[in-house]
Amino acid sequence: MVILNCNKRSLILRYFAAYALSCCCLILFSLKIFAEGSDTGRKTITIGTYGYQPHIKVGAGPLQGRGINYLSKLLESAGYEPIYQVVPRKRLAQYLANGKVDMAFPIYEKELGNSKQLSVRPLLFETPGLCFRKENFIPFLSVIDRWKKLDIIYAGGTEIIPFLAKNNTSLKPVFGASIQDRLIKMLASKRADAAYVANVLPMYNINSRFYKTIACSNFYGHSSPVYIAMSDQLDSSVIRSLRKSYKKLPHYAEFEIENSK
Amino acid sequence: MKFSRLLLLALLFLNNKALGVDYPELSIEVINIFMASKEVLFEKQAEINSANSDKSSLFGQLFLREIDLVYKRNHGQPLPKADHPIKALLYQSILSVMEDNRALIMDPGLVYKGLIPATFSFQLSQRFSNSGYPVKIKFVGLRNNLVNEANNPDVWEYEVLSKVAVSVSEDGGLVQQVTEEKGRSMVRTLKPIYFSLDCLSCHGTVSDNSANKFISEEHWTLINKAGFKMPNYQLGDLAGGVSLKLDVLGIQEGGNLELQ
C-alpha cells in the first residue's frame with residue numbers, strides 16, 4: 001500500500017475513521033435487518049371502515065378517532081398489526097362477507113350475516129333523534145303533541161323510524177352534497193322547525209361544529225346496536241385470540257370515558 | 001392420580017363458586033343501585049340545568065361516588081363492589097348514559113335540559129338490558145296512566161302491581177318470584193315506587209306544578225315541564241315499580257355473557 005504525503009498521525013486518524021465508519025455501517029445494517037424481521041414477524045389484520053364521527057375520522061392523514069384508538073389497542077394487544085381500509089359505507093358488509101377485509105366497524109345487526117361478532121355486547125348504540133334551534137329545543141320526544149305539527153327535514157335516503165313517520169305528516173327529504181351542513185343551515189335560517197337524524201351523537205356532541213347552533217333530543221327506545229365484526233373466513237385461532245384480547249380491554253364505553261378526560 | 005384429584009377439587013370449587021351466587025340477593029342489590037343512581041339524578045337537577053357550574057361530579061368515578069353517598073344513606077352500607085358481571089355492567093351502563101348526555105348537560109344555551117330521573121332511568125334500562133346479557137331491567141308504570149308507552153308492564157308485572165296497589169302494606173313490599181319462560185327459570189323482582197314530594201312537581205296537582213313556580217295563580221298551567229298534563233297524583237300514591245328479570249341458566253352457562 002502506498003500512502004502519499006502522509007505522516008504517522010494522519011495515518012492513525014484515517015485507520016480510526018475507517019474503523020468507525022465500518023462500525024456505523026454494521027450497526028445500521030443490523031438495525032435494518034432487525035426492523036425487517038419485526039415487520040415480517042407481526043401478522044396484519046385488515047379492518048374495513050368509513051367516516052363515522054366521532055368514532056372514525058377520515059381526513060388527509062391517517063385515520064383518527066376513539067374507534068381507531070380502540071381497534072388499534074385491541075389488535076396490538078392480540079399481537080397483530082392493524083391495516084385500515086376505507087370502504088364505501090354501503091359495501092362494508094359485503095367486503096366483510098367476501099373476506100376482502102378481516103374485520104369491519106361499524107356493523108349493524110342486520111348486516112352481520114355469517115360474519116362473527118367480536119362480542120355479544122354491542123360496542124355502542126346509535127340513537128335517532130330530532131335536532132332543533134336551541135331556543136326551540138324539545139327535551140321530551142315522548143310528548144308527541146310538541147312535534148307532530150312541526151316541519152321536519154331529513155337527509156334523503158335516511159330510514160325514518162315508524163314512530164316519527166306515524167305521528168308527523170310534514171317530513172321533507174333534503175338531497176345534495178354536505179347534507180348535514182345543509183340541514184343545519186336550513187334549521188338555523190328557520191326554513192325548518194327540526195331536523196331528523198338517524199344518529200344524534202355525531203351532530204350533537206361538545207366537539208361538533210354544530211354544537212353552538214343546535215340541540216338534539218333522542219328517540220330513546222329506538223336505538224340500534226353497533227358491532228365490530230370479523231370475517232367468517234378468518235382463522236378460528238385468530239378469532240379466539242381477538243376475543244381474548246377484547247375481554248382484557250375495558251369495554252368501549254369505559255374506553256371512551258377514559259379518552260374523553 | 002394426584003393431578004386428577006387436584007383437577008376434581010378445582011372443578012368442585014369452581015362449581016360451588018358458580019352455584020354460590022345468590023340471585024335473589026343479587027337482584028335486590030342491582031335494583032337498589034339503579035334506584036340510588038336515579039335519586040342522585042334527582043338531587044343534581046340544579047347542577048344539570050345550570051349554565052356554568054362545575055359539572056365534574058356528573059361524570060365518571062365522581063358520579064359513582066355520589067351514588068355511593070346516597071346508597072350509604074339509604075342502606076347503611078357502601079355501594080356494592082362490581083364483583084359480578086351484572087353489577088359491573090350496571091355501573092358501566094350508568095357511566096355510559098351520563099357520557100351520552102354530556103353534550104346536553106354541558107350545553108350553556110339550554111335553560112332546561114330535560115334530563116330528569118324518568119328519562120335517565122329509561123336510558124339506563126335500555127343500555128343495561130340491550131347489552132347482550134341475560135338480564136333485563138325496566139321502570140314499569142301503571143296501565144292507563146302511562147307517560148311513556150315503553151313502560152307498559154308485562155303480565156307478571158301487571159299482576160304484581162295490581163296486588164301492591166290494593167295492599168295495605170306500608171313498607172312498600174318488594175316482590176320476588178321464580179317464573180318459567182320457555183323452559184327457563186327467571187328470577188323476577190319488582191320494587192314498587194310511590195310518589196314522593198319531589199315526584200309531585202311533575203306528577204301531582206296543578207298547585208304542585210314546578211312550571212307554575214313564581215307565577216300568579218290565575219296564570220297557572222296544567223301542563224308540566226315535560227309537556228304533559230299534571231295527572232293529579234297525591235303523596236304516597238303508587239307510581240309503578242322497578243322490575244328486574246334474571247335468566248339464571250343464561251348466567252350460569254356463561255356463554256351468554258361473552259363469546260368464546
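**Figure 1. Strand S1 of chain A and its parallel partners.** In this predicted model, strands S1(A) and S3(A) run in the parallel sense and pair over 2 bridges. Within this pairing, Ile47(A) has Met103(A) of S3(A) standing opposite. S1(A) also pairs with strand S2 of chain A, which covers residues 80-86, and here the sense is again parallel, with 7 bridges between the two strands. Strands of a sheet pair through backbone hydrogen bonds, in either the parallel or the antiparallel sense. Taken together with helix H2(A), the strands S1(A) and S2(A) make a β-α-β unit, and this unit is right-handed.

**Figure 2. Two cis peptide bonds in chain A.** The bond that joins Gln53(A) and Pro54(A) is a cis peptide bond, and its omega is about -5°. Pro54(A) belongs to a loop of chain A, the one that lies between strand S1 (43-49) and helix H2 (66-77). Another cis peptide bond is found between Phe105(A) and Pro106(A), where omega is about 5°. Pro106(A) has its place in a strand, namely S3 of chain A, which spans residues 103-108.

**Figure 3. The open five-stranded sheet of chain A.** This sheet is open and consists of 5 strands of chain A, which follow one another in the order S8-S7-S9-S6-S10, with mixed pairing. Its edges are formed by strand S8 (171-174) and strand S10 (214-218) of chain A, each of which pairs on one side only. On average, neighbouring strands of this sheet are turned by 30° against each other when direction is ignored. Inside the order, strand S7 (residues 152-155) of chain A and strand S9 (residues 194-197) of chain A are joined in the parallel sense over 3 bridges. A reader who wishes to find this pairing can look for Ile153(A), which stands opposite Ala195(A) in S9(A).

**Figure 4. Ser178 of chain A, a residue with positive phi.** Although Ser178(A) is not a glycine, its phi is positive, at about 45°. The residue lies in a loop of chain A, between strand S8 and helix H5 (179-188). Is Ser178(A) buried or exposed? Ser178(A) has 9 other C-beta atoms within 10 Å and is therefore exposed, because a residue is given that description if it has 12 or fewer such neighbours.

**Figure 5. Phe214 of chain B, a residue with positive phi.** In chain B, Phe214(B) has a phi near 65°, which is a positive value in a residue other than glycine. Phe214(B) is part of the loop of chain B between helix H9 (197-203) and strand S4 (238-247). Phe214(B) counts as exposed because it has 4 C-beta neighbours inside 10 Å.

**Figure 6. The contact between chain A and chain B.** Where the two chains meet, 30 residues of chain A are in contact with 29 residues of chain B. On the side of chain A that touches chain B, the elements that give two or more residues are helix H7 (236-248) and helix H8 (252-260) of chain A. Of the elements on this side, H8(A) gives the most, with 4 residues. Sorted by class, the side of chain A that touches chain B has 15 nonpolar, 7 polar and 8 charged residues.

How values were computed. Residues are numbered from 1 along each chain as its sequence is written. Chains are lettered from A and ligands numbered from 1 in the order in which they are written. This is a predicted model: local features need pLDDT of at least 70, side-chain atom pairs count only at pLDDT 80 or more; totals for chains, interfaces and linings use all residues. Two strands pair if DSSP finds at least two bridges between them. Axes are lines fitted to C-alpha atoms, for helices over the stretch in contact, and angles run from 0 to 180 degrees between N-to-C directions. A residue is buried if 20 or more other C-beta atoms lie within 10 Å of its own, exposed if 12 or fewer, and partly exposed in between; C-beta atoms are placed from the backbone. A crossover is right-handed if, with the strands pointing away from the viewer, the path from the first strand over the helix to the second runs clockwise. Two residues are in contact if their C-beta atoms, placed from the backbone, lie within 7 Å. Ala, Val, Leu, Ile, Met, Phe, Trp, Tyr, Cys and Pro count as nonpolar, Asp, Glu, Lys and Arg as charged, and the others, Gly among them, as polar.
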